[in-house]
Amino acid sequence: MKIQAENIQDANKNLLDAHNENFDFLANKLTKNGHKVEDILNKLAEFQVAIPSWALGAGGTRFGRFSFYGEPSSLEQKIEDVGILHSLTQTAGAVSLHIPWDVPEDYNAVKELASSLDIKFDAVNSNTFQDQKDAAETYKYGSLSNTSQAVREQAIQHNLDVINIGNKLGSKALTVWLADGSCFPGQNNFQTAFQNTQDSLKDIYKGLPDDWKMLVEYKPYEPNFYSTVIQDWGASLMLANECGEKAYTLVDLGHHLPNSNIEQIVSILQLKGKLGGFHFNDSKYGDDDLTVGSIKPYALFLIFNELVYGMENNPQNPDLAWMIDASHNVKDPLEDLIQSLEAIQEAFAKALLIDQDELKAAQLDNDVVKCQEILQTAYRTDVRPLIEKARLNRGGAISPIKAYRELDLRNHLIDSRGKHTIATGL
Ligand code: PSV
Ligand code: MN
């Protein structure tokens with residue numbers, strides 16, 4: 001299903017006058033305060049976030065899964081869903097595939113479909129956290145860290161296969177997230193597990209094409225509840241450094257213990273040129289996989305402040321692979337993703353309003369109050385008209401959620417796909 005430009009224009013009609021009024025008011029105010037509104041709009045338009053192929057269906061929890069029906073049951077349908085998101089928001093111009101959930105059957109057809117919807121293939125994700133049908137070895141006690149060489153070899157080969165699949169689609173990065181760890185003290189030798197992981201990653205790295213990156217994701221707990229082999233950014237950075245210059249750390253917002261200072265982590269990684277990717281979500285307690293910005297929008301803004309600083313001041317750090325990484329059980333996945341995209345754009349736009357020179361001067365003066373005022377003045381600005389304008393300029397919806405509902409898109413998907421389809425994924 002493809003949304004026509006006229007459908008979006010129709011949905012925009014009733015909102016256009018109010019949008020123009022709000023935008024003019026904000027643009028005047030920002031211009032008077034020395035901001036370059038056109039530059040901000042361009043940066044917002046350029047900022048594209050990958051949608052993970054597994055997030056288009058109901059993710060659920062281990063206690064249950066409640067579908068919104070009409071879920072995509074093939075990779076093509078998943079790409080069509082990303083197409084819907086991208087048409088409405090103009091921000092979801094990439095998809096991040098999880099293998100083996102989404103191995104293409106017809107590469108050319110999949111590539112053509114994606115390019116017709118203006119969607120690129122971002123990082124490909126390997127999966128050694130689940131056993132695959134007919135696999136010779138089990139990952140029950142770990143994959144790249146396993147004490148068995150045969151298991152490690154199977155997991156290494158899987159990652160090489162994923163690189164191969166990504167290569168055929170035009171991806172340029174492999175994300176490795178390991179569930180490896182232990183549930184009970186004494187179960188694992190920490191050093192052996194870490195060393196095995198290091199050696200396995202090096203073997204994968206050898207198969208990485210020259211223009212690719214390897215992104216090493218960390219997570220403190222879950223599914224293992226006592227220890228995780230790559231539990232934090234320090235472990236990830238050590239592994240990346242050992243592998244080589246094409247290996248980077250990937251930060252997932254939800255993969256921190258409560259109250260961790262994530263903005264400081266991303267800042268230092270960028271200084272060292274080692275931040276490769278970022279997964280967006282939100283959480284109240286742990287890796288709760290909630291809609292971006294739904295719990296701690298100020299923390300997200302502070303993270304974006306550092307990301308923007310890094311993007312402007314750290315040429316040693318590469319462009320980042322951005323991806324939403326959240327699960328859905330009580331919301332329509334597409335609506336949830338729209339809300340996440342909106343929250344990301346909002347935090348980004350607010351961070352762009354921070355006058356970095358003024359902040360630097362206040363920091364040099366040790367004017368702590370002024371520093372806080374500068375950040376919070378930006379944070380308190382209602383930037384939604386800017387985001388609307390950036391979308392509108394590219395043919396998107398003023399309000400993607402309203403348009404999605406007005407166009408009755410979920411029901412159209414149910415009509416064309418059926419009610420009880422199930423998307424592969426978690
Ligand atoms: C693990 O919790 C994770 O954040 C990794 O990025 C996975 O690829 C994704 O979620 C889906 O399991
Ligand atoms: Mn993640």
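What share of the contacts in the protein with a separation of 6 or more is accounted for by residues 24 or more positions apart? The share is 80%, where a contact means that the C-beta atoms of two residues, placed from the backbone, lie within 7 Å.

This is a predicted model, in which local features need pLDDT of at least 70 and side-chain atom pairs count only at pLDDT 80 or more, while totals for chains, interfaces and linings use all residues. Residues are numbered from 1 along each chain as its sequence is written, and chains are lettered from A and ligands numbered from 1 in the order in which they are written.

The protein has 16 helices and 11 strands; these are DSSP runs numbered from the N terminus, with helices (H or I) of at least four residues and strands (E) of at least two. For 426 residues, a compact globule would have a radius of gyration near 22 Å, and the 22 Å of the protein agrees. That radius is taken over C-alpha atoms, and the globule rule is 2.2 Å times the number of residues to the power 0.38. Of the 426 residues, 47% are buried. Buried means that 20 or more other C-beta atoms lie within 10 Å of a residue's own; exposed means 12 or fewer, and partly exposed lies in between, with C-beta atoms placed from the backbone.

Helix α2 (residues 16-32) lies largely in the open, because the number of buried residues among its 17 is zero. Just after α2, Gly34 takes a positive phi of about 90°.

The largest nonpolar core has 108 residues. Such a core is a set of buried Ala, Val, Leu, Ile, Met, Phe, Trp, Tyr and Cys residues joined through C-beta atoms within 7 Å. Val95, Leu174, Met214 and Leu215 have the most contacts inside this core. Val95 lies in strand β2 (residues 94-96) and counts as buried because it has 29 C-beta neighbours inside 10 Å.

In strand β5 (residues 173-176), Ala173 and Thr175 on one side and Leu174 and Val176 on the other are all buried.

| Strand paired with β5 | Bridges and sense |
|---|---|
| β4 (residues 124-125) | two bridges, parallel |
| β7 (residues 213-217) | four bridges, parallel |

Thr175 in β5 is the bridge partner of Asn125, and Met214 in β7 is the bridge partner of Leu174. Among the residues that Met214 touches are Leu174, Val176 and Ile204.

Terms used. Pairing = 2+ DSSP bridges. Lists of a residue's contacts leave out its neighbours within four places in sequence.
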